[in-house]
Amino acid sequence: MRTAHRVETVRAAEAALMTKLPEGALMQRAAVGLAAACAELLGRVYGARVVLLVGSGDNGGDALYAGARLARRGAGVSAVLLGPRAHEGGLAALRGAGGRVADDPYAVLERADLVVDGITGIGGRGGLRPEAVPVVRAARASGAVLVAVDLPSGVDADTGEVAGEAVRADATVTFGTWKPGLLIDPARACAGAVRLVGIGLSLPPVPDLEALQHADVARLLPEPAGESDKYRRGVVGVVAGSRRYPGAAVLAVSGALRGGAGAVRYVGPAGDAVLARHPETLVHDGPPANAGRVQAWVIGPGLGDTPGVEDVLASDVPVLVDADGLRQLDPPAIRSRPAPTVLTPHAGEAAALLGVAREEVESRRLDAVRELAARYGATVLLKGSTTLVAAADGPVRVNPTGTAWLATAGSGDVLSGLAGSLLAAGLAPRDAASVAAYLHGLAARRAARGAPIAAHDVAEELPGAWRDVTSTHPE
């Protein structure tokens, strides 16, 4: 599992470690890892042309010491100083190894093979300073490989916010732990490929963010035992669709069936459409309370004004609420439920629930999902460019498998059914939501392979995604 920690936590861990190490040793550890990553990206260091974009802080010091190591291996290294001062020890090391300070930044950037972004570190806020913008643009236009030190300059390490212009790196070498901004859009899109370099930090066992990987998902997925029957595997109830949107019911049921549910009970006006596609579905006209025993409910996709939300929320089993169902929620009523509730809004729906503009949710996704989880006392899956899962306490989960091809009508309906099936199988709400998001993204990648897809394609690839994470093959 990948884990990320806030700047305050990282700073405290660094300060504690530095009391046990010789002066400058921690920076040297970072520089060693950075230089090794740059050497791999270059392929051949001797004769390569490397440009360091150096700010005033320790981030610039890391870049200078790494540049000195590359210079000693035969690279031509030039430093572009973009702050009122530079790290004295790092600058002396660079010059001692044969590197130099560039008089004309644009001339050296035109010839660069690799550019190192050491302008601002994890404490930077508010985008790049105006004087750095033209230099960063020239670095990007040069065609050189652009490597960020710890975090792309101009992004917020804690929130993933990009308030202004920022470096768009091809790769980021981060130290000690992942930073939240490396996992959350829009900052994530600026980071490129991320390499974590261990520097010996002692960090709290509970991170601020975590991202599941194949092994984590495989461990959480339910697996039938010899004595299992359809009821023991989990029965999920689906209240979805309407006469206007019968397809939403079909897609939600598809997600539930391919998510491992032992049985799916469908309640709503789209029964004929559901049975035509999935004859194994148990169809009931309603109300939900009369449909029979379930271990979890999914309500909302394509529901329109069809009733059922109050009935489902009055049950004593986990409930997932999506789409049209979200419009009918009362925070105190959700908080007082005896069983867990999972909400799955996209940014527009989250904005309506919070009473803010959609743009605010999209730019500050982490704050939005945490606030929703706290306000409703629920587990919240916030869909979007980075899908986040937050509960009232514990780390926020970040889904790493999303793809832009999921921006297609009905894909959220499939996700709801899938998550509901995992809830019915007994997974905890945060696990059910994050595992569903992971498989959903993986299935979309399998279906797309660089070409347009529809939501039913995602549903059909879910068994393949399940096999991918439970196989012995590495990611």
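**Pockets, cavity and a helix pair**

1. The lining of the largest pocket draws at least two residues from each of α13 (347–354), α14 (358–363), α16 (411–424) and α17. Helices (H or I, at least four residues) and strands (E, at least two) are DSSP runs numbered from the N terminus. A pocket is an open set of points on a 1 Å grid over the protein atoms alone, with protein on both sides within 12 Å along at least five of seven lines; lining residues have an atom within 4 Å of a point.

2. The model is predicted: local features need pLDDT of at least 70 and side-chain atom pairs count only at pLDDT 80 or more, while totals for chains, interfaces and linings use all residues. Residues are numbered from 1 along each chain as its sequence is written, and side-chain values use heavy atoms, with hydrogens and water left out.

3. The largest pocket holds about 800 Å³ of space, a volume being the space filled by probe spheres set on the points, which are joined across faces, edges and corners. Its lining comprises 35 residues, and K383, G384, L406, A407 and S411 are the closest to its centre. By class, this lining has eleven nonpolar, 15 polar and nine charged residues; Ala, Val, Leu, Ile, Met, Phe, Trp, Tyr, Cys and Pro count as nonpolar, Asp, Glu, Lys and Arg as charged, and the others, Gly among them, as polar.

4. The second largest pocket has about 590 Å³ of space. R11, M27, D58, N59 and D62 lie nearest its centre, among 29 lining residues. At least two lining residues come from each of α1 (7–18), α2 and α3.

5. How do α2 and α3 meet? The axes of α2 (residues 25–42) and α3 (residues 58–72) come within 8 Å and cross at roughly 55 degrees; axes are lines fitted to C-alpha atoms, for helices over the stretch in contact, and angles run from 0 to 180 degrees between N-to-C directions. The two helices are therefore oblique to each other, as angles under 35 degrees count as roughly parallel, over 145 as roughly antiparallel, 65 to 115 as roughly perpendicular and the rest as oblique.

6. One cavity of 30 Å³ or more is counted, a cavity being a set of points where a 1.4 Å probe fits but cannot get out. The largest cavity contains about 50 Å³ of space. Helix α17 gives the largest share of its lining, three residues. Six nonpolar, two polar and one charged residue make up that lining.
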